[in-house]
Amino acid sequence: MIESYSNISDEIYEQIKDIVGDEFISKDPEILWCYAFDGTMFKENTIPEIVVLPGNKDEISEILKIANKNKIIVIPRGSGTSLSGGPISVFGGGIILDLSRMNKILSIDIPNNLTVVQPSVICDDLNFELNK
């Protein structure tokens, strides 16, 4: 088994909790286990140390500043249906940055073929709005 890249202290956990709030961060083993998989079947230690659900780009920025300062790996995750292992902590540890709260369509500009969305917009939701 490959060792984790980081060791998130209680102090770092509390700093991140102050950013997103208590209901949007977890180190509960049952929650972490749910984030250890996607459509692939990795058999390594893929369990992250914490899962964080930021609500906006400012929260993401603050989380990334803490992670960068402390050399903590961060793995962004959308819906987790990937078949490439992209949204999991392949070697274990680190922060899973669950972007599912960021699911808004920000603008649709049909004449310029431009749509601005947050990272977890579901294609069917976007198509529904575009069909209007």
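Mentor: A salt bridge is a side-chain nitrogen of Lys or Arg within 4 Å of a carboxyl oxygen of Asp or Glu. The structure holds six of these. As background, side chains of opposite charge can pair when their charged atoms come close.

Some conventions come before the details. The model is predicted, so local features need pLDDT of at least 70 and side-chain atom pairs count only at pLDDT 80 or more, while totals for chains, interfaces and linings use all residues. Residues are numbered from 1 along each chain as its sequence is written, and side-chain values use heavy atoms, with hydrogens and water left out. I shall call a residue buried if its relative accessible area is under 20%, exposed if it is over 50%, and partly exposed in between (1.4 Å probe, protein chains only). Helices (H or I, at least four residues) and strands (E, at least two) are DSSP runs, numbered from the N terminus.

Let us begin with a linked group. Glu14, Lys17 and Asp22 belong to one network of salt bridges. Within it, the side chains of Lys17 and Asp22 meet with N and O 3.9 Å apart. Asp22 is exposed, its relative accessible area being 57%.

Another pair is Arg101 with Glu59, whose closest N and O atoms are also separated by 3.9 Å. Arg101 is partly exposed at 27% relative accessibility, whereas Glu59 is buried at 15%.

Lys132 and Glu129 form a further salt bridge, with the closest N and O atoms 3.2 Å apart. Lys132 is exposed, at 68% relative accessible area, and Glu129 is partly exposed, at 32%.

Now consider a charged residue without such a partner. Glu49 is found in the loop between helix H2 (29-34) and strand E2 (50-52). Glu49 is buried yet has no salt bridge, and the nearest side chain of opposite charge, Lys27, is 9.5 Å away. For this comparison, Lys and Arg count as positive and Asp and Glu as negative; His and the chain ends are not counted. What lies 2.8 Å from a polar atom of the side chain of Glu49? That neighbour is the backbone nitrogen of Ile8. A polar contact is a pair of N or O atoms within 3.5 Å; within protein, one must be able to donate a hydrogen and the other to accept it, and residues adjacent in sequence count only if both atoms are side-chain atoms.

Two strands pair if DSSP finds at least two bridges between them. Four strands form an open sheet with mixed pairing, in the order E1-E2-E4-E3. Its edge strands are strand E1 (25-26) and E3, each of which pairs on one side only. E2 and E4 run parallel and are joined by three bridges; here Ile50 stands opposite Ile95 and Val52 stands opposite Leu97. E4 is also joined to strand E3 (residues 74-77), in parallel, by four bridges. On that side, Val74 is the residue opposite Ile95.

In a regular strand the side chains alternate between the two faces of the sheet. In E4, Ile95 and Leu97 point one way and Ile96 and Asp98 the other, and all are buried.

Most residues other than glycine have a negative phi. Lys71, in the loop between H3 and E3, has a positive phi of about 55° although it is not a glycine. Lys71 is exposed, with a relative accessible area of 69%. Asn113, in the loop between E5 and E6, likewise is not a glycine and has a positive phi of about 50°. Asn113 is exposed too, at 75% relative accessibility.
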